[in-house]
Amino acid sequence: MKNFILAARPKTLLVGVIPPMVAYAYFMANGSGAGLYLILAVMGALFIQLATNFFNDVIDHEKGADKKRVGPTRVSASGLVDIKTVKKWAITCVVLGALCGVPLIIRGGWPFLALGIISLYLTYGYTGGKVSLAYRGLGELFVFLFFGLFSVMGSYYLFSLKVNTGSFILASIFGLLATTFICINNLRDRETDTEVGKMTLATKLGVKTYQIVILATIFLPYLLLSYFRDFKIIYWVFLAIIPALKLSKIALTKKGAELNEGLKLSGIHLIVFSALLSFTFIYESLL
């Protein structure tokens, strides 16, 4: 169980499960019900994220990207778990994710069938196969689209059977917050990724330029909050600027393994921001 949890990368799971929950909080400000679809959306996102992490653990090891590991231990590269076992974990999560998706497809129609197929494929294709987004400098774009636009807007549509400008803004906010994780991760691994030919965006851009990208993912969400200015306690969300400032300092001053602290703060920032924003929406629903 210990190795399973290690391979699952619990800190990254927040990126998958929080967007549907915040989308539901926003939905509650103007509607009610659809609780079953929230549960299915969260579970589906969780299994997809788990499968992606397991496949990534194996594929990065097979491609040599974890030979000089500066981040947390990977079970495949360290030999803690047999590769075949990790692959079985990944495939099991793909199946469970697909099962969660069936009612969502019935509810949302063919667009959710297409999105589901793409999502399930990219659990492997993010780092493996001919597409291999993470090795082509497309990881940040994938995270923004998948954990932002697709996850938030898709979830909001499942709850309300419509989308609006607010759901798009909300999706953009969480796309940026989710992208912070991969940006910190790729900045940390920049040197080792370069050595093995893993061409992330961090390896293609200079350090200073990439740090500007990271700052944008951290602070642009606060500008986008202006769309929700009519919500009475929206200003409370700006309390999340405290971990945001600490995170930005780490991104600008640390390197290598020191950036692991940045991953931790990325999670704290996401949790605080999400909790305060969700509370804002729920408070509005009670008025």
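I began with charge pairs: the side chains of D189 and R188 meet in a salt bridge, 2.8 Å from N to O. I took a salt bridge to be a side-chain nitrogen of Lys or Arg within 4 Å of a carboxyl oxygen of Asp or Glu. Side chains of opposite charge can pair when their charged atoms come close. I noted that the structure holds 1 salt bridge.

Two reminders on the source. This is a predicted model, where local features need pLDDT of at least 70, side-chain atom pairs count only at pLDDT 80 or more, and totals for chains, interfaces and linings use all residues. Residues are numbered from 1 along each chain as its sequence is written, and side-chain values use heavy atoms, with hydrogens and water left out.

Are D189 and R188 buried or exposed? I read D189 as buried, at a relative accessible area of 7%. R188 is buried too, at 4%. My cut-offs: buried is under 20% relative accessible area, exposed is over 50%, and partly exposed is in between, with a 1.4 Å probe and protein chains only.

Next I looked at helix α11 (207-224). Helices are DSSP runs of H or I with at least four residues, strands are runs of E with at least two, and both are numbered from the N terminus. I checked the length of α11: its 18 residues should span 26 Å at 1.5 Å a residue, and the end C-alpha atoms are 26 Å apart, so the two agree. The expected span is 1.5 Å times one less than the number of residues.

Where does α11 kink? I found a kink of about 35° at I218, shortly before the proline P221. The bend at a residue is the angle between axes fitted to the seven residues ending there and the seven starting there.

I listed the buried residues of α11: Y210, Q211, I214, T217, I218, P221 and Y222. Their cover includes α7 (139-160), α8 (165-188), α10 (201-204), α12 and α13. I picked out Q211, which lies in α11. Q211 is buried because its relative accessible area is 6%. It touches L187, A251 and L252, leaving out residues up to four places away in sequence. Contact means heavy atoms within 4.5 Å.

I moved to H269, in helix α13 (residues 260-286). H269 counts as buried at 2% relative accessibility. What does H269 touch? I noted L177, I218, Y222, A240, P243, A244 and L247, again without residues up to four places away in sequence. I218 is also the kink residue of α11.

Then the surface. Y235, W236, F238, L239 and I242 make a nonpolar patch of about 520 Å². Patch residues have over 30% relative accessible area and no salt bridge; like charges are joined within 9 Å, and nonpolar side chains (Val, Leu, Ile, Met, Phe, Trp, Tyr) within 5 Å. I placed W236 in the loop between α11 and α12 (241-253). W236 is partly exposed, at 42%.

I also looked up K246 in helix α12. K246 is exposed, with a relative accessible area of 51%.

Last, I checked phi angles. R9 has a positive phi near 55° and is not a glycine. R9 sits in the loop between α1 (2-8) and α2 (10-28), and is buried at 13%. A34, also not a glycine, has a positive phi of about 65°. I found A34 in the loop between α2 and α3 (35-62).

Technical notes. Areas by Shrake-Rupley, 256 points an atom, 1.4 Å probe, with all protein chains shown as cover.
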